[in-house]
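Me: Hi! I have a structure open and I'm new to it. Could you walk me through it?

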Amino acid sequence: MTATQPETTEQKLDAFLGIDIDSISTKGVIIDSQHQIIARSYQWTEGDPVNASRRVIAELGGQIDQSKVAVRTVGTTGSAHRLVGAMCGASVIKNEITAHAIGTTFLHPDVRTILEIGGQDSKIICVDGGIAVDYAMNTLCAAGTGAFLSSQAHRLGVEVEQFGEIALTSKKPANIAARCTVFAESDLVHKIQVGYAREDIIAGLCKSVAVNYLNNVGKGKNIIAPVVFQGGVSKNVGVAKAFEDELGTPVIVDPDGHLMGAFGAALLAAEEPISARKPV
């Protein structure tokens with residue numbers, strides 16, 4: 001997206017860009033003045049947040065008619081939010097707890113608990129009256145993350161995108177040790193060797209992710225419904241069901257749940273006063 005020319009700015013529709021940059025993936029959305037998402041992008045970061053953000057911006061730009069839409073402000077969040085924020089001239093640079101809470105409560109005003117699992121980390125956000133009142137993050141153990149599921153999918157010769165549907169066919173999920181990656185992988189190998197059905201092992205892995213999350217990230221937190229599950233792992237219906245089974249309550253998975261950080265950053269950018277807005 002190129003800089004908006006002053007003489008044509010008034011003729012264009014206002015839009016706002018949000019970017020969420022993490023170690024595994026970089027997400028971006030463009031929203032309109034009614035706060036509806038009009039462009040989405042999800043790219044692998046590949047150790048280079050700057051170039052990943054450039055790819056996201058390029059893909060988003062290709063999804064809108066730039067002769068009719070002008071991005072007025074940018075918001076960034078995630079682990080590289082300051083670096084990419086400086087690169088983009090962002091008006092809003094916020095931590096991921098704030099961005100995720102803002103995005104989720106906009107779409108689900110009654111939410112009380114946000115469960116988020118990404119590629120290498122996870123977090124829980126407790127909400128009261130639309131405000132984040134407590135949170136916790138886990139960046140030490142990979143047993144409850146997308147990277148763990150991906151590695152086990154490779155071991156089983158199954159695409160990780162198929163995990164959820166396969167897990168739902170299980171009648172008796174295997175009990176996989178969920179304390180950490182090393183124990184889980186060792187237990188997985190043992191289950192394979194003694195002849196457990198593949199779907200039971202996969203269902204057990206999905207359950208182990210939910211149990212590990214609740215025993216670590218969610219430990220000591222008051223998990224109250226409505227519960228929203230987001231992040232890349234929320235696309236795994238097997239893990240979503242495991243959370244429902246463990247919590248005894250329905251778990252909401254939004255279609256754009258993996259983009260909530262970017263969406264929240266875009267919403268915050270849209271709130272910037274006119275005088276602070278810098279064309280992108």
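Predicted model: local features only at pLDDT ≥ 70, side-chain atom pairs only at ≥ 80, totals over all residues.

Me: Thanks. How many helices and strands does the protein chain have?
Reply: There are 10 helices and 10 strands. These are DSSP runs numbered from the N terminus: H or I of at least four residues for helices, E of at least two for strands.

Me: And how do the strands 3-2-1-4-5 go together?
Reply: Five strands in that order form an open sheet with mixed pairing; two strands pair if DSSP finds at least two bridges between them. Strand 3 (37–44) and strand 5 (92–93) each have a single partner strand, so one side of each is left without a neighbour in the sheet. Strand 5 runs parallel to strand 4 (residues 69–78), joined by two bridges, and Gly75 stands opposite Val92.

Me: What about strands 8-7-6-9-10?
Reply: They make an open sheet too, again with mixed pairing. Strand 8 (131–138) and strand 10 (251–252) are its edges, each pairing on one side only. Strand 6 and strand 7 (residues 122–128) pair in the antiparallel sense over five bridges, with Ile117 opposite Ser122.

Me: Switching topic: how many residues are in the largest nonpolar core?
Reply: It has 34, and Leu205, Phe229 and Phe243 have the most contacts inside it. A nonpolar core is a set of buried Ala, Val, Leu, Ile, Met, Phe, Trp, Tyr and Cys residues joined through side-chain atoms within 4.5 Å. Buried means under 20% relative accessible area, exposed over 50%, and partly exposed in between (1.4 Å probe, protein chains only).

Me: Which element gives the largest share of this core?
Reply: Helix 8, with nine residues. Apart from this core lies another, of 17 residues, with Ala15, Leu60, Ile64 and Ala90 among them.

Me: Back to Phe243: what is it in contact with?
Reply: Setting aside neighbours within four places in sequence, its contacts (heavy atoms within 4.5 Å) include Leu115, Ala210, Tyr213, Phe229 and Val251.

Me: How many aromatic pairs are there?
Reply: Four. Rings of Phe, Tyr and Trp (its six-membered ring) pair if their centres lie within 6.5 Å; planes under 30 degrees apart count as stacked, over 60 as edge-to-face and the rest as tilted. Phe106 and Phe263 are edge-to-face because their centres are 5.7 Å apart and their planes at 70°. Phe106 is in helix 4 (residues 96–107) and Phe263 in helix 10 (residues 260–270), so the pair ties together parts 157 residues apart in sequence.

Me: Are those two buried or exposed?
Reply: Phe106 is partly exposed at 37% relative accessibility, whereas Phe263 is buried at 1%. Tyr213 and Phe243 also pair edge-to-face, with 5.4 Å centre to centre and 90° between the planes.

Key: Residues numbered from 1 in each chain as written. Heavy atoms only, no water.
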